[in-house]
Amino acid sequence: SHRSRASRIRQHLHCDSCYSRRCRARVEVSVSCALVPCRLLCGAVFHLCKEEDHLLLCPNVRVPCLNGEYGCPVQLPRSSQAAHLQVCPASVVCCSMEWNRWPVTTCSQPNTELFENLLREQKQEECLDLAMALKDQDALFHSIKMKKLFPELIQSVDEEEREEQRQEEERRKEKEKKKRALLEKEAAERAASKEARDKIWEAVNRINVNFPDEKQEEDEYEYEAGVESQPMLSQEEREAIARASGVDADLLVNYNAWERMFSMEMGGCREAEGTAAAADRGQGRGGGKSLGTLKEEDETGSCAGAAATSSSACSVPSASSCRTGKPRMKNFVYGKVEPMKIITVRTFKVPSSFTARQGRIRNPGFYKRENEAVDTSDLGVAPGEMPVWEEVQASLLCSLEREQRGHLIAESTSSDSLLTDQGTQTYSFLSAPFRRKTSLADLTAGKPLELHLQLQLESVTSRHNKASSAFTFLCGHTFQRTEYGKHYKNIHSDIQMGVDGWFEQRCPLAYLGCTYTHRRFRPSTYEATTSFNEELGCFSLHPTAPSSHTRGGGQAGGEEDSLSVLPYEVLCHVASFLDSLSLSQLALVSRLMRQVCSSLLQERGMVTLHWERSSSSQGRANWKVTHKVWRFSSLFSPVDSWGFRNIPSISEHLKVCHYNEVERKTEKMCLPHVQEEIQSNKSCKGSTLVTLFQEKRILM
């Protein structure tokens with residue numbers, strides 16, 4: 001601080017301005033101190049009084065990482081902070097790659113036989129484009145809320161509350177039923193135990209051993225314990241039991257009304273008794289003053305009239321003030337307050353000479369109009385024959401209309417401040433009305449799986465703004481800073497953008513329903529198969545092991561595998577060669593493997609903060625960090641280059657494709673030809689375009 005610096009200046013005047021490594025000033029009190037080297041061997045030489053300041057800049061001092069607040073636990077020298085950021089587990093990058101996938105329409109996909117065949121054969125052969133489309137469709141269905149698209153079909157708050165109350169009532173009845181069954185079971189057990197005890201007493205009485213007093217006391221104790229063990233029912237539970245026993249609902253309503261009236265009367269009686277008791281205590285003390293009342297002087301000085309007034313108008317005066325004829329203070333209480341009538345006065349009046357000109361403002365009342373109601377009955381279709389919409393089709397159609405045309409179907413528009421065009425669209429759903437938080441995924445949860453999005457995706461589009469698009473999907477995976485470049489190259493550039501015809505090739509007759517596909521590429525250095533993990537939402541690379549390595553098979557059930565018997569140090573060394581995705585899956589195998597993978601978290605993993613929403617005492621919502629999450633990323637082993645797989649070409653499949661119907665032509669056909677007239681021109685002068693037209697030598 002400035003004060004401590006000023007004190008040092010007064011103590012060591014020479015040291016404050018000396019920066020020489022070879023200072024030879026004599027050591028004197030309040031003037032200078034001795035030169036010392038840095039204890040951490042950084043090479044700096046300074047006066048002893050500057051050692052504390054040097055530790056703030058010394059490159060060999062161990063300090064926490066710059067991302068320490070974000071979860072990095074590393075303590076390292078200050079000179080290594082910049083290099084550590086490249087491998088810091090808290091230096092996390094979120095992939096922001098976006099792509100578009102449009103819904104299937106009759107124009108884009110008139111034949112849906114391909115989708116039906118793909119979903120039917122999904123378990124037999126996994127297709128990369130189909131797996132990605134199903135994942136995007138699931139994310140789209142969870143993001144589409146029915147309240148935004150069809151607000152008129154949403155249940156009102158009262159209806160939803162009634163439905164929640166009905167469900168709560170059903171749960172409460174079920175709970176009461178279980179409680180009643182439990183009580184009956186306990187009563188039966190108690191009766192059985194009592195019967196067994198009676199039999200024992202009878203057997204004891206037969207041998208002339210009788211203890212009547214003890215038995216009676218025990219029975220009384222048993223009865224009292226049974227009465228105390230029975231739970232006390234609340235008023236709501238009594239009413240529920242009355243409804244379940246068949247009591248008329250009107251009688252219950254009248255009973256509740258009378259009970260409320262009697263409870264109010266009882267409350268008034270208790271209040272009156274309390275007021276009278278307080279007044280008596282005040283008279284006994286000699287000064288009955290009430291709090292919070294207005295005081296005014298009684299000029300007459302008589303206490304008889306004040307004593308005769310009602311207790312609600314004024315309180316009873318003290319006895320000492322009645323005996324004396326002096327003016328006293330009266331406690332005034334508001335007995336009857338009448339509301340004051342408020343009158344609003346408008347002083348401005350519109351001039352009668354003012355008229356609006358038609359040239360300045362369009363007056364909607366100038367033209368003669370007829371009010372006519374329009375509804376679905378004008379379509380000429382009976383209410384029972386009205387078409388029923390499918391929720392997925394209607395939701396995707398409304399979202400697509402907004403994305404491509406910039407507005408919703410039948411959206412209200414205002415041309416000026418006077419006229420507004422109102423538009424309505426009638427929808428009829430079997431599942432309507434919807435709850436307020438219902439999404440499209442909730443409506444399709446129990447239905448068979450269908451594909452409503454195209455297999456082809458777009459990375460660049462000019463038809464809409466992707467920032468607010470429902471059909472724009474985000475990668476969203478997190479990686480370490482050193483892993484992000486490899487992820488973008490292998491996943492997005494090589495696989496995802498080439499899955500439509502380059503990395504994965506489909507049969508040319510796929511539009512007719514053929515589901516044949518093959519993957520053309522593999523890593524250039526080893527054999528591996530590319531697949532898509534639907535649970536993690538990422539691609540994975542599975543190396544193809546030779547048959548000689550897998551010939552032994554696995555161990556019998558219950559026996560320990562050969563990998564777990566290795567020493568812990570050897571397992572850690574073997575796990576260090578795995579990629580991040582393999583480590584995350586290996587940690588799920590057993591507790592031992594989880595410990596092995598946990599030892600590599602700080603070196604290969606990443607840490608993020610887990611935020612949770614909480615409410616303060618004032619009712620404000622805020623976010624706070626609850627804990628830190630350590631995990632591995634979804635990156636597989638980086639592939640520098642890809643090579644073609646040794647598989648037959650797509651033309652070999654066309655020879656045996658069931659959708660390839662060869663049409664052989666045997667009839668002869670005349671081919672078009674051009675008649676050419678060749679003449680020898682002996683002159684040196686060549687023909688021009690004019691002479692060619694004159695001689696008509698060009699034949700069409």
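**Entry 1: cores**

I looked up the largest nonpolar core and found 45 residues in it, with Leu140, Phe150, Ile495 and Phe539 having the most contacts inside it. A nonpolar core here is a set of buried Ala, Val, Leu, Ile, Met, Phe, Trp, Tyr and Cys residues joined through side-chain atoms within 4.5 Å. Buried means under 20% relative accessible area, exposed means over 50%, and partly exposed lies in between (1.4 Å probe, protein chains only).

I noted which elements each supply at least two residues of this core: they include helix H5 (128–143), helix H13 (391–405), helix H15 (484–496), strand S16 (528–533) and strand S17 (538–543). Helices (H or I, at least four residues) and strands (E, at least two) are DSSP runs, numbered from the N terminus.

I then took Leu140 and listed its contacts, leaving out residues up to four places away in sequence: Leu396, Leu453, Ala470, Phe471 and Phe473. Contact means heavy atoms within 4.5 Å. I also found a second, separate core of 12 residues, with Ala575, Leu583, Ala587 and Cys597 among them.

**Entry 2: what I am looking at**

I wrote down that this is a predicted model, in which local features need pLDDT of at least 70 and side-chain atom pairs count only at pLDDT 80 or more, while totals for chains, interfaces and linings use all residues. Residues are numbered from 1 along each chain as its sequence is written, and side-chain values use heavy atoms, with hydrogens and water left out.

I checked S16 and S17 and found them antiparallel, paired over 6 bridges. Two strands pair if DSSP finds at least two bridges between them. Thr529 has His542 in S17 as its bridge partner. The hairpin has 4 residues between the strands, and Gly537 in the turn has a positive phi of about 70°.

I went on to strand S18 (residues 606–615) and strand S19 (residues 621–631), which are antiparallel and joined by 10 bridges. Trp611 is opposite Val625 in S19. Here 5 residues lie between the strands, and Gly619 takes a positive phi near 90°.

**Entry 3: salt bridges**

I counted a salt bridge where a side-chain nitrogen of Lys or Arg is within 4 Å of a carboxyl oxygen of Asp or Glu. The count comes to 15 salt bridges.

Which residue forms a salt bridge with Glu51? I found Arg39, with the closest N and O atoms 2.7 Å apart. Glu51 lies in helix H2 (residues 51–54) and Arg39 in the loop between strand S1 (35–37) and strand S2 (45–47), so the pair ties together parts that are 12 residues apart in sequence. Arg39 counts as exposed because its relative accessibility is 64%.

I next looked at Arg506 and Asp129, whose side chains meet in a salt bridge at 2.9 Å, N to O. Arg506 is in strand S13 (residues 504–506) and Asp129 in helix H5, so this pair ties together parts 377 residues apart in sequence. Are these two buried or exposed? Arg506 is buried at 15% relative accessibility, and Asp129 is buried at 7%.

Arg172 and Glu176 are separated by about one helical turn because they are 4 residues apart in helix H7 (residues 157–206). Arg172 is partly exposed at 23%, whereas Glu176 is buried at 11%. I noted that Glu169, Arg172 and Glu176 are linked in a network of salt bridges.
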